[in-house]
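The entries follow the order in which I checked them.

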Amino acid sequence: MRHHGRLALLLSAGALTASCTEYGYVEEVNRDVFEQVRRNTVDVLLVVDNSCSMVDEQDKLAANFDNFISAFEGIDVDWHMAAVTTDMADADQSGHLLGGGDEVLLIDAEGRTLDRVAWTRDWAVSPGAALQLDPGVTTAIGNDDRQAWCLASAAFGDGDLGSPGAANADCSGASAPPDSGDSGATDGADGSDGADGSDGGTTTARAPTVDEVLFTELLINPNASEDATGEWVELWNRSADELSLEGCGIRDSGRNAYTFPAGTTIAAGARLVVGRSTDSALNGGAPVDLDAGGDLTLANAELFLTSSTENAADQFGELVSVGAGGVGIEMGLAAARAALSEPLVSGDNAGFLRDDANLSLIFISDENDFSPAPVDEYLRFFMDLKGDEAYRYPGIVTMSAVVGTDVPAYDGQPSCESEDGFASYGVRYVDLASRTGGVLESICDEDFAPIASELGLLASGLELEFVLSKPANEETLAVKLYGDQTDESFIRDLIRDEEWTFVATRNAIRFEPDQVPASETVVVVEYEVLASSATREEETEAGAAR
């Protein structure tokens with residue numbers, strides 16, 4: 001699983017020549033040859049702080065999946081990606097992978113929950129078939145019961161199964177999904193900020209109350225269209241009155257936040273279909289009444305994402321939007337260890353961690369870690385998962401951190417601040433990232449795109465740095481790029497400080513994320529060896545180390 005090596009190729013490595021230098025002695029000239037990674041297998045575990053201050057950061061991370069995954073383009077990366085929270089107090093979290101479940105909540109204008117339906121990865125969510133509520137169920141508590149739901153069997157539109165906008169078939173005799181454990185209607189959900197400001201006519205319809213508007217059908221995983229345009233939910237007004245949904249909305253515990261347009265009403269006994277597109281040519285032929293776009297996303301049944309996951313960007317957004325209801329004592333290291341330990345690793349989290357894959361842990365938090373064990377104990381655990389190779393070859397296990405990175409001037413002072421709030425110094429995460437060659441970035445950065453790109457590059461296995469075999473006289477460095485392992489495949493000389501920099505503290509050539517050599521290319525570095533008797537100038541000049 002080693003990422004690169006010095007190659008005994010047609011490119012002559014380690015050639016010796018004599019030259020007179022300013023130090024007044026004969027200098028050895030060295031040539032190091034590195035091959036960029038050909039293929040990588042990696043398991044990426046995201047550990048996301050779900051305390052009350054993390055909503056904006058989760059949104060920024062979710063919005064930058066394309067930047068993360070673009071690092072995998074052009075190389076054959078077999079990846080798994082999963083998420084856990086930093087909450088070790090909630091038994092339903094505590095290292096449990098978060099994929100495969102989701103929920104929809106109907107919220108009134110005062111922020112109260114009128115109805116809620118939650119599903120887990122154990123529900124019978126079948127591609128192309130909607131989940132339908134039995135027509136005999138007429139309460140917000142009743143539609144919490146798994147036995148109240150079944151898979152649709154009648155086709156609509158372009159071939160998916162369901163009855164959007166029409167009454168559901170009886171579920172008698174149909175196979176119901178397992179129980180979701182939903183607690184039913186409550187009045188403690190996150191609030192709504194009112195109508196979205198769109199034009200709407202005046203209405204005499206009244207506001208709904210609990211048990212009057214229910215979720216009755218969900219197309220979570222369409223087959224006839226993409227998730228991004230084909231997902232929808234159906235609402236049914238079971239009251240005898242016309243109801244106004246102005247100021248109401250559909251939410252989940254993560255990033256979904258759709259507010260009904262001003263003037264939206266639903267007639268007595270009528271059904272309203274809210275989806276991600278009203279264009280029947282894009283949504284599989286569903287009669288969608290209201291377009292919620294990206295404000296309504298429904299997570300599929302996958303426990304974790306893989307390199308073959310369809311609509312991975314949508315699923316990633318759901319994965320990292322873990323909500324803000326977690327306990328304020330963040331234990332990211334303990335959560336990661338629990339996720340990768342028995343009984344979870346071969347139980348609820350089975351299939352994520354692979355023996356032959358590299359392991360990339362990414363911690364995202366605006367607080368320090370408060371896990372009970374010393375950092376060294378967690379480091380040993382993660383390294384031991386991959387055996388002796390992890391200690392011999394950098395890159396097999398990496399731990400990255402998007403946290404408060406600046407040491408505060410005094411105890412109690414924030415590490416950094418942004419428009420989203422303050423972050424404490426994440427010293428334990430910083431320690432792990434520094435010791436494993438991981439990415440270390442500030443959670444206070446306004447733009448997460450470069451962070452996501454660098455995290456993706458590290459996870460992809462593409463090398464950003466190549467450590468030289470001998471101490472280099474940096475003034476003599478020359479870096480060349482080849483297409484393969486032969487001299488005839490020479491592409492070009494690479495320009496210092498434009499295409500690469502020298503990191504003197506690590507005696508390494510470093511490439512920025514947008515300059516990383518492509519998969520299977522060969523980097524050749526020629527330089528004079530700095531003799532041990534020579535004194536190098538201070539090697540942390542601007543541009544030399546990052």
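I began with the ring criterion: rings of Phe, Tyr and Trp (its six-membered ring) pair if their centres lie within 6.5 Å, with planes under 30 degrees apart counted as stacked, over 60 as edge-to-face and the rest as tilted. I noted that this is a predicted model, in which local features need pLDDT of at least 70 and side-chain atom pairs count only at pLDDT 80 or more, while totals for chains, interfaces and linings use all residues. Residues are numbered from 1 along each chain as its sequence is written, and side-chain values use heavy atoms, with hydrogens and water left out.

**Aromatic pairs**

How many aromatic pairs does the structure hold? I found 8.

I then looked up burial, where buried means under 20% relative accessible area, exposed over 50% and partly exposed in between, with a 1.4 Å probe and protein chains only. Both Phe156 and Trp232 are buried. The rings of Tyr258 and Phe260 have centres 5.5 Å apart and planes at 75 degrees, so this pair is edge-to-face. Tyr258 is buried at 6% relative accessible area, and Phe260 is buried at 0%. I also noted a cluster in which ring pairs link Phe34, Phe466 and Phe511.

**Disulfides**

Taking a disulfide as a pair of cysteine sulfur atoms within 2.5 Å, I found 2 in the structure. In the link from Cys150 to Cys171 the S to S distance is 2.0 Å, and the torsion about the S-S bond is about -75 degrees, so this disulfide is left-handed. The pair links distant parts of the chain, with Cys150 in strand β7 (residues 149-151) and Cys171 in the loop between β7 and β8 (213-219), 21 residues apart. Cys150 is buried at 3% relative accessible area, and Cys171 is buried at 7%.

Cys416 and Cys444 form a disulfide with their sulfur atoms 2.0 Å apart, and with 75 degrees about the S-S bond their link is right-handed. Cys416 lies in strand β19 (residues 416-418) and Cys444 in the loop between β21 (440-442) and α9 (449-460), so the pair ties together parts 28 residues apart in sequence. Cys416 and Cys444 are both buried.

Note on methods
Helices (H or I, at least four residues) and strands (E, at least two) are DSSP runs, numbered from the N terminus.
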